[in-house]
Amino acid sequence: MPDLSELLTTEAIRLQPAHQPAFPDLVRARRRQRTRLIAGVALIALAGAGGATAFLEADPGRPDDTVRAPAGPFPVTVTGLLQQVGGPQGTPPRGIPGTVWFRADDGTITPAPTADSGRFTITVAAGRYVVTGAPGGDPQQPPTCRAETPLTVSTDGLTGVEVNCHIR
Amino acid sequence: MSRKPAEDAVSELYASCYRRLVGVITLAAPSRAEAEECVQEAFLRVLSRWDHVSQLDSPEAWVRTVAFNLLSNRRRKARNAIRALLRHGPPPTEPPPSPNRVDLTHAMRRLPIGQRQAVVMHHVLGLSIEEIARALKVAPGTVKSRLSRARTALAATLREETTHA
């Protein structure tokens with residue numbers, strides 16, 4: 001038999017991948033995974049405590065005729081990104097054009113179109129929002145994307161909101 | 001150490017040895033896709049333990065051992081791998097070996113995973129029996145036995161494939 005060590009070493013070199021995903025992408029993917037896990041655990045806890053009804057009521061579902069300009073005396077600016085995530089392992093998130101909707105606890109929905117890069121800027125009153133989104137140019141289509149957890153916008157505003165469209 | 005400098009340091013380690021580690025782990029894994037997942041997970045675990053790992057003589061060896069252990073654990077969690085396959089679709093195909101070469105990878109994959117790990121650690125990484133025993137958390141006698149059985153099986157398979165080539 002040929003020298004096993006030599007054969008295996010050559011084989012290990014041949015099996016090396018030509019490309020590798022960027023490490024920050026791995027870290028981001030892990031953080032998203034944890035956020036989803038925490039959100040799932042929170043939902044279960046909420047359901048167990050009998051609060052599931054309140055949570056489901058906060059889900060905006062399809063945007064309707066209640067869309068209107070933001071109310072509230074202290075509008076602040078929120079920026080973020082509508083992005084496509086998932087797909088083959090190593091695929092980084094990619095900003096996509098579309099629309100995002102901020103639904104406040106009182107049912108007010110504030111829409112904002114995104115740029116081609118997926119970036120958006122929206123002005124809303126400080127408060128708590130469930131954020132959803134949809135790719136494409138039709139603002140009437142049902143939201144298929146969402147931020148992982150409800151957002152709390154302080155009077156200082158908020159940056160870096162990620163609205164994820166998962167590839168299935 | 002704060003998170004950002006640790007992330008930078010691990011990122012540097014990742015850039016320097018990811019491909020090499022994937023090549024080695026693939027020898028013991030059912031596929032390169034699975035090897036890549038184990039190596040990536042091992043690097044992510046380094047992040048939270050960088051204070052300790054950075055003090056070691058070879059952080060790469062620590063990552064490699066964790067990746068090997070993850071590979072073993074995965075055998076017990078095959079259901080997760082099936083879910084990932086359904087989620088991501090089939091893994092990319094690996095480059096085929098040149099036709100005039102013995103398909104060593106094929107021969108390796110006919111071995112049980114414990115034997116594969118022992119062979120790779122001993123014959124590729126040059127670890128001693130005691131070092132392998134420590135890494136795999138088994139007795140040195142078990143490592144010797146796995147190596148002996150693996151060499152016998154490989155010799156038979158490689159002879160067979162050489163004859164048919």
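H1(A) and H7(B) sit roughly perpendicular to each other (a label for angles of 65 to 115 degrees, with under 35 being roughly parallel, over 145 roughly antiparallel and the rest oblique). The model is a predicted one, so local features need pLDDT of at least 70 and side-chain atom pairs count only at pLDDT 80 or more, whereas totals for chains, interfaces and linings use all residues. Residues are numbered from 1 along each chain as its sequence is written, and chains are lettered from A and ligands numbered from 1 in the order in which they are written.

Back to that crossing: the axes of helix H1 (residues 4-14) of chain A and H7(B) come within 9 Å and cross at roughly 100 degrees. Axes here are lines fitted to C-alpha atoms, for helices over the stretch in contact, with angles running from 0 to 180 degrees between N-to-C directions. On the H1(A) side, Leu4(A), Ser5(A), Leu8(A), Thr9(A) and Ala12(A) meet Val120(B), His123(B) and Val124(B) of H7(B), contact meaning C-beta atoms, placed from the backbone, within 7 Å. By class, the residues of this contact split into five nonpolar, three polar and no charged; Ala, Val, Leu, Ile, Met, Phe, Trp, Tyr, Cys and Pro count as nonpolar, Asp, Glu, Lys and Arg as charged, and the others, Gly among them, as polar.

Zooming out to the whole interface, 20 residues of chain A are in contact with 28 residues of chain B. Helices H1 (3-28), H2 (32-48), H6 (104-109), H7 (113-124) and H9 (140-164) of chain B each put in at least two residues, and the largest share, twelve residues, comes from H1(B). That side of chain B has 14 nonpolar, eight polar and six charged residues.

As for chain A itself, three helices and nine strands are present, helices (H or I, at least four residues) and strands (E, at least two) being DSSP runs numbered from the N terminus. Along the sequence the pattern reads α-α-α-β-β-β-β-β-β-β-β-β. Among the buried ones are Phe23(A), Leu26(A) and Ala29(A) in H2(A).

Over in chain B, Leu127(B) lies in the loop between H7 and helix H8 (129-136). Leu127(B) is buried, with 20 other C-beta atoms within 10 Å. Leaving aside residues up to four places away in sequence, Leu127(B) touches Met121(B), His122(B) and Ile132(B).

Note on methods
Two residues are in contact if their C-beta atoms, placed from the backbone, lie within 7 Å. A residue is buried if 20 or more other C-beta atoms lie within 10 Å of its own, exposed if 12 or fewer, and partly exposed in between; C-beta atoms are placed from the backbone.
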